Amino acid sequence: MTIQKRNLRRKYISIITPILFIVVTFYSLTYGPVSISLAEIWHVFFQDGESIHQKIIIDVRLPRVIIGILVGGCLAASGALLQGVMKNPLADPGIIGVSSGAGLAAIITMVLLPQYSFLLPIAAFIGALITSLAIYVLAWDRGTSPVKIILAGVAINALLGAVMNGIMVVYSERVQAVLPWLAGGLTGRGWFHLEFMAPYAIISIILSFFAIKPANLLLLGDDSAKLLGQKVEVQRFLLIILASLLAGVAVSVAGLVGFVGLVVPHIIRILVGDDYTFLLPFSIVSGAILVVFADTVARSWFDPIELPVGILLACLGAPFFLILLRKRRIL
Amino acid sequence: MKAIQTKGISLKIDKFQLDNISLSIPSRKITSIVGPNGSGKSTLLKIISRLVTANDGTVYVQNKNAKNYKTKEFAKTIAMLPQSKDMLPNVTVRELISFGREPYKHFLSNRLNEEDEEIIDAAMKMTKTTKHENRLFYSLSGGEQQKVRIAMALAQKTDILLLDEPTTFLDIAHQYDLMELLQQINEKYNMTIIMVLHELQQAAAYSHYMIAMKHGNIIECGVPEKLLSTKFLHDVYEIDARILFEDGFPLIIPKTRRKQNDYCNEHN
């Protein structure tokens with residue numbers, strides 16, 4: 001890639017992504033089993049619209065769209081930061097135990113303690129954070145390195161995965177309730193969930209912008225960053241906790257939505273380069289666009305069935321990702 | 001003044017051991033650390049640059065205990081090009097060199113001020129990389145990439161520059177180009193340059209002072225002309241060879257077990 005090409009791409013993407021974001025948001029608000037025109041949306045927001053439409057927009061679609069935006073943004077930011085911290089393009093929130101930790105907590109809550117199932121988002125969030133911390137502590141031996149963290153992550157993920165499967169086999173009759181959460185989706189998510197996640201999501205996205213500089217410096221490698229006067233271990237720890245917070249808050253509400261954290265930052269990196277000043281904001285907006293769009297498709301195209309977003313994202317995104325890799329001769 | 005002094009540096013990692021290293025490295029000179037593979041040259045450099053912590057002993061940087069430097073203060077005193085070719089981000093040459101200004105920036109601030117820009121310009125001019133400033137790092141050749149890394153270290157504006165095998169992987173023309181550049185940097189900025197080198201002839205030709213290591217110990221130190229001898233090659237590298245100086249440039253001629261004539265006769 002030449003510098004002219006890179007700069008041109010950055011320019012295009014900075015124009016295209018905000019436009020796409022607005023288009024997809026309105027598409028998601030208007031489209032569904034009940035179609036609502038843009039004019040009607042205007043009425044709902046600024047005048048008195050039809051009460052049924054008002055109910056659909058305000059009570060159902062709007063919180064779901066906002067949750068989709070936050071989930072997509074958080075997952076993509078988390079993946080972008082982790083790929084830098086781990087110096088590994090295959091890093092995603094799963095690698096620091098967010099999926100397995102949140103997954104296990106969710107299964108325990110829904111299968112073993114169903115009377116507390118309303119606490120699922122909080123349980124999943126705490127499960128994700130505790131697992132990330134445990135992986136970091138296990139990888140510590142007079143310092144950490146990306147490889148140590150990845151290996152500790154693989155081991156912990158395998159262990160928690162086995163416990164999850166064990167619980168599901170023993171309590172197979174209760175598994176039904178947890179399956180949609182495991183597949184990832186926004187079905188039935190409303191203001192309650194939004195109120196829970198919004199403060200954490202917004203704060204962590206804001207914090208992620210403060211991570212741009214340390215993330216850029218860690219790209220130089222541990223030694224070079226240390227030689228430039230950086231406290232590498234402290235920065236890596238804080239970035240991992242931030243990534244875990246970002247992904248944890250997303251999966252706590254949306255379940256195990258995979259793919260976004262891995263592929264969105266990867267694609268954006270190919271397009272705009274390694275600099276987090278561009279990579280992070282573009283990833284956040286693209287993640288939001290992707291999740292909101294996929295959720296709209298998942299809930300409306302296959303009516304009356306509603307597909308889990310996680311499944312749809314993989315079906316839509318994987319071929320696109322493969323084509324991109326092929327085109328760039330990476331694969 | 002001594003740029004670096006070490007007193008009783010010891011480090012043990014598995015079977016490898018640095019054993020009670022005490023040395024002085026002169027200020028404003030070029031010093032080469034030579035010795036066979038596994039002699040502890042790179043480890044010593046890493047201890048000096050605080051990338052590795054010794055089990056025992058003290059390093060003094062400009063007469064101050066290295067441990068007493070604050071992280072950023074240390075980065076304003078010593079710059080280093082590590083041996084490991086870390087996968088650097090694929091940013092432009094100018095963007096990469098500007099990382100060298102990091103020790104001078106405030107926490108989280110990403111802005112470069114006018115002085116920073118001037119220093120970056122000067123570093124590029126010195127290393128003759130100005131013409132590549134808007135090219136992406138990985139579109140450059142190995143030799144040019146190495147110059148850019150040196151420019152990044154120069155942008156740190158330190159008194160001391162450490163280099164770990166800077167000429168490895170470069171062809172002979174780029175090797176000499178780089179050594180000439182280091183010599184110019186030393187002369188222009190009065191910078192103390194300390195480098196680990198494999199190529200003994202290069203080390204002798206471009207250094208004011210040499211340190212020879214073997215099995216984690218310092219074997220000999222001194223100016224190249226006095227240091228290099230048949231005995232030196234035997235003691236340090238365990239080879240039999242003669243040394244001739246041609247215009248101050250050493251030629252090492254190995255005494256091969258089989259003479260060239262024998263080889264020719266066999267193949268005729």
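Trainee: As I understand it, a residue is buried if 20 or more other C-beta atoms lie within 10 Å of its own, exposed if 12 or fewer, and partly exposed in between, with the C-beta atoms placed from the backbone. What kind of model is this, though?

Mentor: This is a predicted model, in which local features need pLDDT of at least 70 and side-chain atom pairs count only at pLDDT 80 or more, while totals for chains, interfaces and linings use all residues. Residues are numbered from 1 along each chain as its sequence is written, and chains are lettered from A and ligands numbered from 1 in the order in which they are written.

Trainee: OK, chain A then. How many helices and strands does chain A have?

Mentor: Chain A has 14 helices and zero strands, where helices (H or I, at least four residues) and strands (E, at least two) are DSSP runs numbered from the N terminus. With a radius of gyration of 20 Å, close to the 20 Å that the globule rule gives for 331 residues, chain A is as compact as a globular protein of that length. That radius is taken over C-alpha atoms, and the rule is 2.2 Å times the number of residues to the power 0.38.

Trainee: And what share of chain A is buried?

Mentor: Of the 331 residues in chain A, 52% are buried. Two residues count as in contact if their C-beta atoms, placed from the backbone, lie within 7 Å; among the contacts in chain A between residues at least 6 apart in sequence, 75% join residues at least 24 apart.

Trainee: What about the largest nonpolar core, which residues have the most contacts inside it?

Mentor: Those are A:Cys74 and A:Ala250, in a core of 175 residues. Such a core is a set of buried Ala, Val, Leu, Ile, Met, Phe, Trp, Tyr and Cys residues joined through C-beta atoms within 7 Å. The largest share of it, 17 residues, comes from helix α3 (residues 51–85) of chain A. Leaving aside neighbours within four places in sequence, A:Cys74 is in contact with several residues, among them A:Ala201, A:Ile205, A:Leu246 and A:Ala250.

Trainee: I also clicked on A:Gly73. Is A:Gly73 buried or exposed?

Mentor: A:Gly73 is buried, with 28 other C-beta atoms within 10 Å, and this residue lies in helix α3 of chain A. Beyond the neighbours within four places in sequence, A:Gly73 is in contact with A:Ile205, A:Ile284, A:Gly287 and A:Ala288.

Trainee: Switching topic: how many residues does each chain give to the contact between chain A and chain B?

Mentor: Chain A gives 19 residues and chain B gives 25. On the side of chain A that touches chain B, the elements giving two or more residues are α9 (212–218) and α10 (222–227), and α10(A) supplies the largest share, four residues. By class, that side of chain A has eight nonpolar, four polar and seven charged residues, where Ala, Val, Leu, Ile, Met, Phe, Trp, Tyr, Cys and Pro count as nonpolar, Asp, Glu, Lys and Arg as charged, and the others, Gly among them, as polar.

Trainee: And chain B, in what order do the strands of its open sheet come?

Mentor: Six strands of chain B form that sheet in the order β6-β7-β8-β3-β9-β10, with mixed pairing; two strands pair if DSSP finds at least two bridges between them. The edge strands are β6 (78–81) and β10 (217–222), each pairing on one side only.

Trainee: Which strands does β3(B) pair with?

Mentor: One partner is β8 (residues 192–196) of chain B, joined to β3(B) in the parallel sense over four bridges, with B:Ile30 standing opposite B:Ile193. Four bridges also join β3(B) to β9 (residues 209–214) of chain B, again parallel, and there B:Ser32 has B:Met210 as its bridge partner.

Trainee: Why is β3(B) described as largely enclosed?

Mentor: Five of the five residues of β3(B) (residues 30–34) are buried, so this strand is largely enclosed by the rest of the structure. In a regular strand the side chains alternate between the two faces of the sheet. Here both faces of β3(B) are covered, with B:Ile30, B:Ser32 and B:Val34 buried on one side and B:Thr31 and B:Ile33 buried on the other.

Trainee: And how many residues of β7(B) are buried?

Mentor: Five of the five residues of β7(B) are buried, and five bridges join this strand to β8(B), which runs parallel to it.
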